[in-house]
Amino acid sequence: MKQTFFISAITLLLGMGQCAMADGDIAAGKAKAVTCAGCHGPDGNGTDNPAWPKLASQHPAYIVKQLRDFKARETRKDPIMSDQAAQLSEQDMLDLAAYFSRQKIKIGTADDNLAEHGGNVYRTRITTDSGNTINACIDCHGRVGAGKKNKNYPRLAGQNAAYIAKALRDFRSGRRSNDNGKVMRMIASHLSDDDIDAVASYIQGMGNYSRFVWPVYIIALLIMVANLVSPSRQEKQIIRNLKRKQRRESRGMQ
Ligand code: HEC
Ligand code: HEC
């Protein structure tokens with residue numbers, strides 16, 4: 001009985017693994033991505049044009065949704081991307097999404113003059129004139145800008161600032177309206193041009209920890225040196241025992 005249960009559990013797990021794989025084929029996606037490489041880069045990390053977004057590390061379901069939306073030309077239209085998406089079948093979209101989502105994003109850097117205000121925009125909830133509070137970017141896109149896969153909140157961290165700023169302006173003007181429940185259009189309507197440029201720059205540098213690397217090395221070194229210099233608990237015990245023995249011996253000699 002137990003064994004049957006065990007076997008069915010394994011079959012179920014294997015089945016689930018297969019379902020996940022049936023979503024998209026990474027190798028097929030890599031071959032199909034040749035068409036996209038000129039603008040999005042061979043590994044989805046973009047090219048010199050910052051208006052062409054990075055696709056690397058983006059959640060696969062979000063990529064598929066955008067491609068479907070571009071193809072439908074209703075709520076998200078773009079002269080370049082709608083033509084690109086028109087050539088793609090459902091399976092192409094799944095394969096491309098599987099490939100690009102598995103590539104590692106290369107994070108950009110933020111403009112120091114904008115990052116502070118940008119960070120505040122990212123973290124602070126907005127209070128509207130009628131006294132309602134609106135979620136902050138951080139509530140949906142996350143502390144490190146990784147988004148939420150299960151809710152289809154896109155990853156933002158490391159994306160080109162120029163593209164992020166354009167996306168926010170498109171939501172604000174309603175040119176892009178593929179956000180369910182109007183969440184992004186509502187939020188963007190409360191952002192000024194300065195807010196948009198600052199938060200876009202902040203997002204471009206999110207997850208760039210290079211400036212923290214040196215202090216971390218120095219702290220690690222200090223801890224190591226402190227460990228070398230100060231005796232461990234075991235060593236302290238041995239020293240105490242030796243001293244006690246010495247005292248006993250010197251008493252015995254008197
Ligand atoms: C000639 C340049 C070009 C080519 C080729 C191209 N794209 Fe794009 N892509 C763009 C531009 C520009 C945008 C941004 C459109 C906008 O501003 O809304 C974009 C946006 C996207 C987005 C939305 C990203 C996001 O974060 O919402 C996805 C997904 C995408 N492209 C996938 C692809 C795939 C897959 C291919 C290949 C089949 C491809 N693109 C080929 C220029 C290109
Ligand atoms: C209530 C949740 C929520 C909040 C709060 C939120 N977002 Fe979003 N955001 C979304 C969702 C959902 C999408 C995807 C819409 C779609 O399906 O195309 C999105 C999309 C975006 C995009 C487009 C990404 C791309 O690759 O094209 C940007 C940029 C963005 N959000 C920035 C922000 C900023 C900046 C804030 C804060 C000022 C913010 N968001 C607050 C849910 C949220």
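Which residues in helix 9 meet which residues in helix 11?

Tutor: This is a predicted model, in which local features need pLDDT of at least 70, side-chain atom pairs count only at pLDDT 80 or more, and totals for chains, interfaces and linings use all residues. Residues are numbered from 1 along each chain as its sequence is written, while chains are lettered from A and ligands numbered from 1 in the order in which they are written.

On the helix 9 side are Ala161, Ile164, Ala165, Leu168 and Arg169, and they meet Ile196, Asp197, Ala200, Ser201, Ile203 and Gln204 of helix 11 (contact: C-beta atoms, placed from the backbone, within 7 Å; helices: DSSP runs of H or I with at least four residues, strands: runs of E with at least two, both numbered from the N terminus). Seven of these residues are nonpolar, two polar and two charged (nonpolar: Ala, Val, Leu, Ile, Met, Phe, Trp, Tyr, Cys and Pro; charged: Asp, Glu, Lys and Arg; polar: the others, Gly among them).

Now the geometry. The axes of helix 9 and helix 11, residues 193-205, are 8 Å apart, and the packing angle is about 140 degrees (axes are lines fitted to C-alpha atoms, for helices over the stretch in contact, and angles run from 0 to 180 degrees between N-to-C directions). Helix 9 and helix 11 are therefore oblique to each other (under 35 degrees is roughly parallel, over 145 roughly antiparallel, 65 to 115 roughly perpendicular, and the rest oblique).

Another packing contact is that of helix 4 with helix 6. Helix 6 spans residues 90-101, and its axis is 8 Å from that of helix 4, at an angle of about 135 degrees. That makes the pair oblique. Here too a right-handed crossing is found, helix 4 passing helix 6. Pro60, Ile63, Val64, Leu67 and Arg68 of helix 4 are in contact with Met93, Leu94, Ala97, Ala98, Phe100 and Ser101 of helix 6. Nine of these residues are nonpolar, one is polar and one charged.

Helix 4 has a further partner in helix 5: their axes come within 8 Å and cross at roughly 100 degrees. The two are therefore roughly perpendicular. Leu67, Phe70 and Lys71 of helix 4 make this contact with Met81, Ser82, Ala85 and Ala86 of helix 5.

Ligand 1 has 18 residues around it, of which Cys36, Cys39, Gln66, Asp78 and Gln84 come nearest. Helix 3 (37-40), helix 4 (60-72) and helix 5 (79-86) give two or more residues each to that shell.

Last, the chain as a whole. It has 13 helices and two strands. Its radius of gyration, taken over C-alpha atoms, is 27 Å, well over the 18 Å of the globule rule for 254 residues, so the chain is more spread out than a compact globule (the rule is 2.2 Å times the number of residues to the power 0.38).

Definitions and conventions: Near = placed C-beta within 6 Å. Contact = placed C-beta atoms within 7 Å. Left-handed = near helix turned anticlockwise from the far one by under 90°.
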